[in-house]
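User: I should like to learn how to read the main features of a structural model. Could you take me through them in turn?

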Number of protein chains: 2
Amino acid sequence: MTVAEPPAGDVLEGTGVQGAPPAGTVELLGVLAYGELSAFDRMSADARYAPTLPGRVALSQMAAAEMGHFRRLAAHLDHLGTPVEAAMQPFVRPLEAFHEATAPHSWLESLVKAHVGDGLAADFYREIAEWLDPVTRDLVFEVLGDTGHSAFAVREVRRACQADPKVGGPLALWGRRLLGEAITQAQYVIAEHDTLADLIISGSGDLAGIGALFRRLQLGHTERMKSLGLA
Amino acid sequence: MTVAEPPAGDVLEGTGVQGAPPAGTVELLGVLAYGELSAFDRMSADARYAPTLPGRVALSQMAAAEMGHFRRLAAHLDHLGTPVEAAMQPFVRPLEAFHEATAPHSWLESLVKAHVGDGLAADFYREIAEWLDPVTRDLVFEVLGDTGHSAFAVREVRRACQADPKVGGPLALWGRRLLGEAITQAQYVIAEHDTLADLIISGSGDLAGIGALFRRLQLGHTERMKSLGLA
């Protein structure tokens, strides 16, 4: 196993730290890494139930790409002195709780969940990354790059809705439920991690800033539901 | 989706063909590609049931590496003028039949199956590849390279047998059953594909050659069972 291959020697340049990285850095990288592992897990399971062989190939390829992102995060964490497993550990329980509360019951629910849930998480992590050092920020933006899954989900969901207009209503409700569960879990995670809470409060500026952040997340969610044809 | 990215332009040099590749080439690449997709599927499912987080990470990484191999095979097939999905299609049913007949009932059975089953298949494919053009042969040898899974399986199974000597007996029987099912399915696949049958008969030389091939496969199997501590 070579998960934590050391990256090029200059990776720490520009982090602006001697010793410990800025507060919240390890937490953000940890939750992201578990998010990638989790995305791998769900996409590979979805691949198994893809209705066609090309669909199965496409999803398996995307799942594998998530592990490429995971590897980059593990390497950066390793360089910061924290094994990826240790950084992920605090986030296993809350992320699994979210996935248990939102277990999809069909191929289409699963695609909507991946598109809407991962999109929401990515918007949130990008906001936080803006407040960190440039090296970490760039890495976060890189690993949040889409592996092609969004376009795939949009295409499949739109096609299904065109074939049978009755599927749209329940999927729209499903999308709303995902937003609610995601906000509940995010609040829980932040409340449990003081450094993350401090980072978000200081980064946003004040309570009005936090309010604006949550409105931006909601706006992004609405746009994604529109792109699926479910607004 | 970019599964079938064209490889570097010189990939066909040395295949010694104008137009159609040598008989059996597309079949071998197709069964190998489905084998990789299948290995990805099983390893990612096993990752979900890994007893520890580092184990889950290790298996997820190995599963992702199988998709890297898949991508190489898909690119070569694309260059030979056959989409990977078309090349795989004839092998979906027999390989799934093998997996259904040998569904593991525990984490350890699953590790033994991956090590013993993939090892047996790899030995068989390497023998066939020796009779093909050098470019295809080298690609086959490359994608059959171990992704670290064997060492992982050996370590986990040996550790479990040391902790509880009672697990060895049933796992040894399991290994023998895997060999039987694999040979049954291989014979079925060969009987259904004339070009593969012709290639094996002409490659081996004669019936004695085929007998020798099967003895080599059995020998490899025995060695793998020994490495697991199950001989």
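**The interface between the chains**

Analyst: In this predicted model, chain A and chain B bury about 2,300 Å² between them, with 64% of that area on carbon and sulfur atoms. The size of an interface is often given as the accessible area lost when the parts come together.

User: How many salt bridges and how many polar contacts does the rule find across the interface of chain A and chain B?

Analyst: The rule finds two salt bridges across this interface. A salt bridge joins the side chains of Arg48(A) and Asp41(B), at 2.3 Å from N to O. Five residue pairs are in polar contact across the interface of chain A and chain B, both residues being at pLDDT 80 or more.

User: Let us turn to a charged residue. Is Glu66(B) buried or exposed?

Analyst: Glu66(B), which lies in helix α2 of chain B, is buried and yet has no salt bridge. A salt bridge requires a nitrogen-to-oxygen distance within 4 Å, and the nearest side chain of opposite charge, that of Arg42(B), is 7.6 Å away. Leaving aside neighbours within four places in sequence, Glu66(B) is in contact with Glu36(B), Ala39(B), Phe40(B), Met43(B) and Thr147(B).

User: How does one check the span of a helix?

Analyst: One compares the expected span with the distance between the end C-alpha atoms. At 1.5 Å a residue, the 15 residues of helix α6 (residues 149-163) of chain B should span 21 Å, and the end C-alpha atoms of this helix are 21 Å apart, which agrees.

User: Which residues of α6(B) are buried, and what covers them?

Analyst: The buried residues of α6(B) are His149(B), Phe152(B), Ala153(B), Val154(B), Glu156(B), Val157(B), Ala160(B) and Cys161(B). Their cover includes α1 (25-48), α2 (53-79), α4 (107-129), α7 (168-192) and α9 (207-227) of chain B.

User: Why is Phe214(B) classed as partly exposed?

Analyst: Phe214(B), in helix α9 of chain B, is partly exposed because its relative accessible area is 25%, and that class lies between the 20% and 50% cut-offs.

Terms used: Residues are numbered from 1 along each chain as its sequence is written. Chains are lettered from A and ligands numbered from 1 in the order in which they are written. This is a predicted model: local features need pLDDT of at least 70, side-chain atom pairs count only at pLDDT 80 or more; totals for chains, interfaces and linings use all residues. Side-chain values use heavy atoms; hydrogens and water are left out. Helices (H or I, at least four residues) and strands (E, at least two) are DSSP runs, numbered from the N terminus. The expected span of a helix is 1.5 Å times one less than its number of residues. Buried means under 20% relative accessible area, exposed over 50%, partly exposed in between (1.4 Å probe, protein chains only). Contact means heavy atoms within 4.5 Å. Lys and Arg count as positive and Asp and Glu as negative; His and the chain ends are not counted. Buried area is the accessible area (1.4 Å probe) that two parts lose on being put together, summed over both. A polar contact is a pair of N or O atoms within 3.5 Å; within protein, one must be able to donate a hydrogen and the other to accept it, and residues adjacent in sequence count only if both atoms are side-chain atoms.
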